[in-house]
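I opened the notebook with the sequence beside the coordinates, meaning to go through strands, loops and core in turn. The entries below record what I looked up.

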Amino acid sequence: MKKIILALCIIATSGCATSAISPDKASPVPSSRVFAFQNSNENNPVLTVVRDTGMLGSGCFYGLYVNGERAALLNTGERVDLHLKPGEWNIGFKGEGKVCISDDSLSEKEISLSAGQHKAVRLFADLGGNLEIKAVTLPK
């Protein structure tokens, strides 16, 4: 009986982990949930932000913030392209919604962008509920 309970716990826990998704496989965030940084300029850099897939945190959106300004709401497996100016940017996110257990503070990372550059990051949560931002290689 103990082995069955242990196996069920392992299965349940592994089902809650998030998984990385390639930016080209992620669905675009609907325009109704994109609030800023959409004015493109040929020389301005682009930052692609992708939210992992998986059950962990799937009951809420991730609010994406750029220098403290709310830019978008991402569901699991979604991506958004932000058109920024060259320079240093603080990219942050937190869980938002009625069923989210989240801190009031953002999990943030500083990103440096040069003119014409295209970078990508992924948003994910580990099994401990810690929110993280990691760099992602863009497919060629």
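The entries that follow go from the sheet to single residues and then to the core.

**Entry 1, the model.** I noted at the outset that I am working with a predicted model.

**Entry 2, the sheet.** I looked up the strand order and found an open sheet of five strands, arranged β2-β7-β3-β10-β11, in which the pairing is mixed. I then checked the edges, where β2 (27-28) and β11 (131-136) each have a single partner strand, so one side of each is left without a neighbour in the sheet. Inside that order I followed β3 (residues 46-51) and β10 (residues 118-125), which run parallel and are joined by six bridges; R51 stands opposite L123 in β10.

I turned to β5 (residues 61-66) and β6 (residues 69-74), which pair in the antiparallel sense over five bridges. The two strands form a hairpin with two residues between them, and in the turn I found N67 with a positive phi of about 50°. V66 stands opposite E69 in β6.

Setting aside residues up to four places away in sequence, I listed its contacts as L47, T48, V49, V50, I111, I133, K134, A135 and V136. For I111, one of these contacts, I also looked up the separation from V121, which is 10 residues in sequence and 9.4 Å in space, C-alpha to C-alpha.

I next went to the loop between β2 and β3, where N44 is found. At 17% relative accessibility N44 also falls under the 20% limit and so counts as buried. With residues up to four places away in sequence left out, N44 touches L84, K85, P86 and G116.

Which residues have the most contacts inside the largest nonpolar core? I found V49, L64, V80 and L82, in a core of 24 residues. I recorded that β3, β5, β6, β7 (78-83), β8 (87-96), β9 (107-113) and β10 each supply at least two residues of this core. As a general reminder, I wrote beside this that nonpolar side chains tend to be buried together in soluble globular proteins.

I finished with the surroundings of L82, leaving aside its neighbours within four places in sequence, and found L82 in contact with A36, F37, Q38, P45, V46, L47, V49, L64, V66 and A71. Among these contacts are V49 and L64, which were also named in my core entry.

How values were computed. Residues are numbered from 1 along each chain as its sequence is written. This is a predicted model: local features need pLDDT of at least 70, side-chain atom pairs count only at pLDDT 80 or more; totals for chains, interfaces and linings use all residues. Side-chain values use heavy atoms; hydrogens and water are left out. Two strands pair if DSSP finds at least two bridges between them. Helices (H or I, at least four residues) and strands (E, at least two) are DSSP runs, numbered from the N terminus. Contact means heavy atoms within 4.5 Å. Buried means under 20% relative accessible area, exposed over 50%, partly exposed in between (1.4 Å probe, protein chains only). A nonpolar core is a set of buried Ala, Val, Leu, Ile, Met, Phe, Trp, Tyr and Cys residues joined through side-chain atoms within 4.5 Å.
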